[in-house]
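Work through the following exercises with the sequence and the model side by side.

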Amino acid sequence: EKKRQYVGSAFVVWVIFLPILIMIGSLLAWFIPGWIKTPTEYVWIVRLTTGILVVNLIMHNLAAIPQSVLQGENLGYKRMGASTVLVFAGGGLTWLALYLKTGIIGISAATLLITVITGIFFLQVARTYSPWFGANRSSLNEVWSFFKISGWFLLWNLINNFMMASDVVILGVFNSIESVTDYSLTKYAPETLISLMAIVTFGIAPGLGGIIGSGNKQLASMVRGEIMALTWLITLAIGTCLVVWNQVFISLWVGSEYFAGVFPNLLIILVVIQFVFIRNDSNFIDLTLKIQRKVFLGVISLAVSFTAAAVLVGYFGLGIIGVSLGILIGRSILSCG
C-alpha cells in the first residue's frame, strides 16, 4: 500500500509539472530558430522538431516511473536483453527516418516513438516482476514531500541539460553554424564516454543506494573510490585512443574537412572526461536525496561557463577552442564543489 502511494505521488508530481514543461517547451519551440540563426525556409521545420522533442521529454519523465520502481526494487537487470533490443530498434527507426528522407522531423518523431515503446515495455516488466506495482491516492503531505524533492531534481535536470547543450548554442550565436557542425562531429566519438560510464554508474546505483540508506558511510566512500578508479582507467584508455584516432574516424565517416583540429579535439576530450567525473559524483549525491547545494553550485558553474565561453568565442574569436576553455573553467567549480 505504501509503495503504491509513492508511485501515486510521483504521478501527481508529473501532472503538476506538466503545464510548466509545456509552457517552457512552447517558448523554446517558438524562439529557438532565432537563437540558432535558422534560414527562413527552415524556421517551421525547426519549431516542429523542437515541439516533438519537448513532447518526448514529457513522455520520458512519465516512462521513467516504472523504470525507477524496478531500479528501486533492485530489479533493474530484468529483461536486459529485451531492453538492448529496444536500443537497436531506436537506431533502426532513426535509419528508417533517414532512408525515407523525412529530415529532422522524422528523426525526432522516431525518438518520441521509441520513448513511448520503452515506457510500455518497462510498465509490463514492472507489473511482471513487482506484483504490487500500481498507483494509489496518497495524502497531501506525501505529495508535498515528493514535490519538494522533485523540484530540486527538476532544477538540476534543467542545469544538466543546459550544460550539455550550451556549447552548441554559444557557437551558433557567437560564431557560425559551420563551426557547430565541425564541433558536433568531432565531439560525437568522445561523447560515447559519457554513455559508457553512465551504464557503469547507473548499474550499481541501487546497491550503492542501499549502502547509503543503511548509514554505512565508510563502505559508501570505498565504493565511490572504486567507481572513480574504474572511471580513470576507462576514460584515460579511451581518451588516449580518441586523441590519436578521432581524426581518422571522422575522415572515414564524413570527411577530414569536418575535423575541428588537433588541439580543439584534445580540449573536447578533456571537457567530456571532466563531465564524466562530475556526473559520477552527481549520481552519488542524488542517492542521498540532498541535492540543494549541488543545484546552487550548478547555477554558478553554468553562469561562469556561459559567460567565459561567450567572451572567448564572441570577443576573442577563439571558436571551438574558446567554448571548450570556457566550459572547462566554469565546470571546475562543480569539480571542486
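Predicted model: local features only at pLDDT ≥ 70, side-chain atom pairs only at ≥ 80, totals over all residues.

**Exercise 1. Classify the ring pairs Phe31 with Trp35 and Trp95 with Tyr99, and state how each pair is placed in its helix.**

Solution. Rings of Phe, Tyr and Trp (its six-membered ring) pair if their centres lie within 6.5 Å, and planes under 30 degrees apart count as stacked, over 60 as edge-to-face and the rest as tilted; by this rule there are 11 aromatic pairs. For Phe31 and Trp35 the centres are 6.5 Å apart and the planes stand at 15°, so the pair is stacked. Both belong to helix α1 (residues 2-35), and because they are four residues apart, about one helical turn separates them. Helices here are DSSP runs (H or I, at least four residues), numbered from the N terminus. Phe31 is partly exposed at 42% relative accessibility, and Trp35 is partly exposed at 42%, where buried means under 20% relative accessible area, exposed over 50% and partly exposed in between (1.4 Å probe, protein chains only).

The pair of Trp95 and Tyr99 is stacked as well, with 5.1 Å from centre to centre and 20° between the planes. These two residues lie four apart in helix α3 (residues 80-99), about one turn of the helix, and both are exposed.

**Exercise 2. Describe the span of helix α9, and identify what covers its buried residues.**

Solution. Helix α9 (residues 292-315) has 24 residues and reaches 34 Å from its first C-alpha to its last, close to the 34 Å expected at 1.5 Å a residue, the expected span being 1.5 Å times one less than the number of residues. Its buried residues include Lys294, Val295, Gly298 and Leu302. Among the elements that cover the buried residues of α9 are α5 (140-174), α8 (262-288) and α10 (319-336). After α9 comes Gly317, whose phi is positive, near 65°.

**Exercise 3. Which residues have the most contacts inside the largest nonpolar core, and which elements give two or more residues to this core?**

Solution. A nonpolar core is a set of buried Ala, Val, Leu, Ile, Met, Phe, Trp, Tyr and Cys residues joined through side-chain atoms within 4.5 Å. The largest one has 21 residues, and Trp156, Met163, Leu193 and Val276 have the most contacts inside it. Two or more residues come from each of α5, α6 (177-213), α7 (217-253), α8 and α9, with the largest share, seven residues, coming from α8. Leaving aside neighbours within four places in sequence, Trp156 is in contact (heavy atoms within 4.5 Å) with Met163, Ser282, Lys294, Val295, Gly298 and Leu334. Apart from this core lies another, of 13 residues, among them Ile170, Ile320, Val323 and Ile327.

Conventions
Residues numbered from 1 in each chain as written. Heavy atoms only, no water.
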